[in-house]
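Hi,

Here is the model I promised to pass on. Please have a look, and then read my notes below.

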Amino acid sequence: ADIPVIPDLEEVQEEDLAMQVAAPPSVQVNRVLTYHDLDKDLMKYAAFQTLDGEVDLKLLTKVLAPEHELQEDDVSWDWDHVFTEVSSELVTEWDLGQSERED
């Protein structure tokens, strides 16, 4: 009874596991809050008005910028254009500094 048995080829063919599919894992997906939802929650709940129960955040929440002011359009950058623009601004500032020193 303690001797291992080698299975026959016919038994292995009957247990063809290649066509069986495992069940997918179940994952709980949490919804990502939007800026609008976060803004509403910030003003609604008193828990967000203080930090660690000691620091009052009411002044900060009054002056936070709204989402529409923070959104910026995507602009592609060209290295040559940016370098030329920055270097010309630096030269202009340097020239103004030189002319003020001469006066």
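What is the mean pLDDT of the protein chain, and how many of its residues, in percent, reach 70 or more? The mean is 78, and 78% of the residues reach that mark; pLDDT is the predictor's confidence in each residue, from 0 to 100. Confidence is lowest in strand β1 (residues 50–51), with a mean of 64, and highest in helix α5 (residues 79–102), at 90. Where pLDDT is low, the predicted coordinates should not be read in detail.

This is a predicted model, in which local features need pLDDT of at least 70, side-chain atom pairs count only at pLDDT 80 or more, and totals for chains, interfaces and linings use all residues. Residues are numbered from 1 along each chain as its sequence is written, and side-chain values use heavy atoms, without hydrogens and water.

The protein chain has five helices and two strands, in the order α-α-β-β-α-α-α from the N terminus. These are DSSP runs (helices H or I, at least four residues; strands E, at least two).

Leucine 33 sits in the loop between α1 (9–14) and α2 (35–44). It counts as partly exposed because its relative accessibility is 41%, between the buried limit and the exposed one of over 50%.

Best wishes

Key: Buried < 20%, exposed > 50% of the residue type's maximum accessible area, 1.4 Å probe, protein only.
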